[in-house]
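Hi everyone, and thanks for coming. Please take a look at the sequence and the structure as they come up, and then I'll walk you through them.

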Amino acid sequence: MPIYEYSCNKCGNDFEELVFGNTPPSCPQCGSVDTHKLVSCCARHRSGSAGGGDMDAASASSGGGCAGCSGGHCATCGH
């Protein structure tokens, strides 16, 4: 499920919400459902001195790191 950023129209609080279906999220600060989705930036992790996205030898040979990732730059296992 995707995590989206929202802003509350009532109190101005910005927050992130894990979205399940089309139910509008309520503000964790004031409880209002008068919220709107914000445009978010995506982040991409790059490694290496030239900024290339090469996987290290352990990830490339094993096909992955921990059970929570599919290999290549996992924040949990470091691969």
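Let's begin with I3, which you'll find in strand β1; helices (H or I, at least four residues) and strands (E, at least two) are DSSP runs, numbered from the N terminus. At 58% relative accessibility, I3 counts as exposed. On that scale, buried means under 20% relative accessible area, exposed over 50%, and partly exposed in between, with a 1.4 Å probe and protein chains only. Setting aside residues up to four places away in sequence, I3 touches E16, E17 and L18, where a contact means heavy atoms within 4.5 Å. From C-alpha to C-alpha, I3 and F20 are 9.5 Å apart, and 17 residues separate them in sequence.

Before going on, a word on what we are looking at. This is a predicted model, in which local features need pLDDT of at least 70 and side-chain atom pairs count only at pLDDT 80 or more, while totals for chains, interfaces and linings use all residues. Residues are numbered from 1 along each chain as its sequence is written, and side-chain values use heavy atoms, with hydrogens and water left out.

How confident is the predictor? The pLDDT, which is the predictor's confidence in each residue from 0 to 100, has a mean of 73 for the protein, and 51% of the residues reach 70 or more. Over residues 52–65 the pLDDT is below 50, and this stretch has 22 contacts in the model beyond near neighbours in sequence. Where pLDDT is low, the predicted coordinates should not be read in detail.

Now the overall plan. Of its 79 residues, 19% count as buried. Among contacts between residues at least 6 apart in sequence, 24% join residues at least 24 apart.

Is E16 buried or exposed? It is exposed, because its relative accessibility is 57%. Leaving aside neighbours within four places in sequence, E16 is in contact with I3, Y4 and E5. The C-alpha atoms of E16 and P28 are separated by 9.5 Å, with the two residues twelve apart along the chain.

Back to strand β1, residues 3–8, where S7 lies. S7 is buried, with a relative accessible area of 10%. Its side chain makes a polar contact with the side chain of D14, at 2.8 Å. A polar contact here is a pair of N or O atoms within 3.5 Å; within protein, one must be able to donate a hydrogen and the other to accept it, and residues adjacent in sequence count only if both atoms are side-chain atoms. Beyond four places in sequence, the residues in contact with S7 include G12, F15, D34 and H36.

Next, the nonpolar core, meaning a set of buried Ala, Val, Leu, Ile, Met, Phe, Trp, Tyr and Cys residues joined through side-chain atoms within 4.5 Å. The largest one has five residues, namely Y6, C8, F15, V19 and C27. In soluble globular proteins, nonpolar side chains tend to be buried together. Not counting residues up to four places away in sequence, Y6 touches a list that includes F15, V19, P25 and L38.

How many aromatic pairs does a search of the whole structure find? It finds one. The ring centres of Y6 and F15 are 5.9 Å apart and the planes are at 20 degrees, so the pair is stacked. For the cut-offs, rings of Phe, Tyr and Trp (its six-membered ring) pair if their centres lie within 6.5 Å, with planes under 30 degrees apart counted as stacked, over 60 as edge-to-face and the rest as tilted.

And the cysteines? A search of the whole structure finds zero disulfides, a disulfide being a pair of cysteine sulfur atoms within 2.5 Å. The closest cysteine sulfur to that of C8 is in C30, and at 3.6 Å it is too far for a bond. C8 is buried, with a relative accessible area of 3%, whereas C30 counts as partly exposed at 33%.

Last stop: S32, in the loop between β2 (14–18) and β3 (35–37). S32 is buried, at 14% relative accessible area. A polar atom of the S32 side chain lies 3.0 Å from the backbone nitrogen of D34. Leaving out residues up to four places away in sequence, S32 touches C8, K10, P25, S26 and C27.
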